[in-house]
Amino acid sequence: MGLLTGKTALITGASRGIGKAIAEKFAEEGANLILTDLFYDDQAKNLEEKLNQMGVKAKMYASDASKFADAQRVVEEALKDFERIDILVNNAGITRDNLLMRMTEEQWDLVINVNLKSVFNLTKAVQGTMLRQRSGSIINMSSVVGVSGNAGQANYSASKAGMIGFTKTIARELGSRNIRCNAIAPGFILTEMTEKLSEEVRKEWAEKIPMKRGGSTEEVAKVALFLASDLSSYVSGQVIQVCGAMLT
Ligand code: NAP
């Protein structure tokens, strides 16, 4: 029996990168999967098919996590298909890096809405279901730069720091109902998001990491599995850094 057998997880931004790795790891452990991404494209369709072939029920919904009404709609639709939601992984995220001097209002608003407002939107949308079930695990994908800050990422760092404040608050508000809320703060993880950086910047990052390498999406997914499952039944309000000791 898998660690998540009988549970249903909702993962945002799931068609590639860390979200996809989490979907695959959760499926290996028996979870049914409600997946969202901006578009239901080939990438999304292929993942949906692969997960269903693994013997779990998986469905991908096109949805913009930054839009409040869309989050309500997708959870309503998903509940008709799945009946319950035990785990929420707020994973959708973007970067629009620039020094503050050059950062536009649009770049600020977009990153705050996609990375931070989405967490409010989806958590609000699943809260009633988790309260009725009297259990739940909410996992927010923050970042080490939400803890440390990073030049050129005022919008992104602020959004990821905001997620940590939100995580701790929800853990306090909903703890008495057996709903846990934790954040993962990945360091430098090799995905399409980090592939956009130049070879030089990637080398520089790796040099700064005591473990001398970037992490894999699977290494983040394993921590998400721990937080989603009963292995972490008394862990709430925490930020787990998955960064090869980059930030200690
Ligand atoms: P990624 O490869 O760029 O994947 C992000 C996913 O989110 C994509 O599937 C994307 O959809 C989706 N998405 C974007 N905007 C969305 C929206 N408004 N609504 C729904 N889905 C949306 O990123 P990643 O590297 O896997 O990162 C996943 C999370 O980890 C992010 O929150 C990121 O900030 C965080 N993180 C990553 C790293 C790292 O080193 N990679 C480090 C720290 C934290 P499309 O395919 O349609 O664009």
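Which residues have the most contacts inside the largest nonpolar core?

A: Happy to walk you through it. A word on the basis first: this is a predicted model, in which local features need pLDDT of at least 70 and side-chain atom pairs count only at pLDDT 80 or more, while totals for chains, interfaces and linings use all residues. Residues are numbered from 1 along each chain as its sequence is written, and side-chain values use heavy atoms, with hydrogens and water left out.

Those with the most contacts inside the largest nonpolar core, a set of 33 residues, are Ile11, Ile22, Phe26, Leu33, Leu35 and Ile184. Such a core is a set of buried Ala, Val, Leu, Ile, Met, Phe, Trp, Tyr and Cys residues joined through side-chain atoms within 4.5 Å; buried means under 20% relative accessible area, exposed over 50%, and partly exposed in between (1.4 Å probe, protein chains only). At least two core residues each come from strands S1 (8-11), S2 (32-37), S3 (58-62), S4 (87-90) and S5 (136-141), and from helices H1 (17-28), H2 (42-53) and H9 (217-228). Helices (H or I, at least four residues) and strands (E, at least two) are DSSP runs, numbered from the N terminus. H9 gives the largest share, seven residues.

Leu35 shows how the pieces meet: beyond its neighbours within four places in sequence, Leu35 is in contact (heavy atoms within 4.5 Å) with Ile11, Ala14, Ala23, Leu47, Leu51, Lys59, Met60 and Tyr61. A second, separate core has 25 residues, among them Ala65, Val74, Ala92 and Ile138.

Ala65 leads us on to the ligand: a backbone N or O atom of Ala65 lies 3.0 Å from a ligand nitrogen atom, a polar contact (here a pair of N or O atoms within 3.5 Å; within protein, one must be able to donate a hydrogen and the other to accept it, and residues adjacent in sequence count only if both atoms are side-chain atoms). For Ile18, a backbone N or O atom lies 2.7 Å from an oxygen atom of the ligand, and for Gly187 that distance to a ligand oxygen atom is 3.4 Å. The protein covers 93% of the 890 Å² of accessible area (Shrake-Rupley method, 1.4 Å probe) that the ligand has on its own.

Finally, Ser159 lies in helix H6. Ser159 counts as buried because its relative accessibility is 0%. Its side chain reaches the backbone oxygen of Tyr156 at 2.7 Å.
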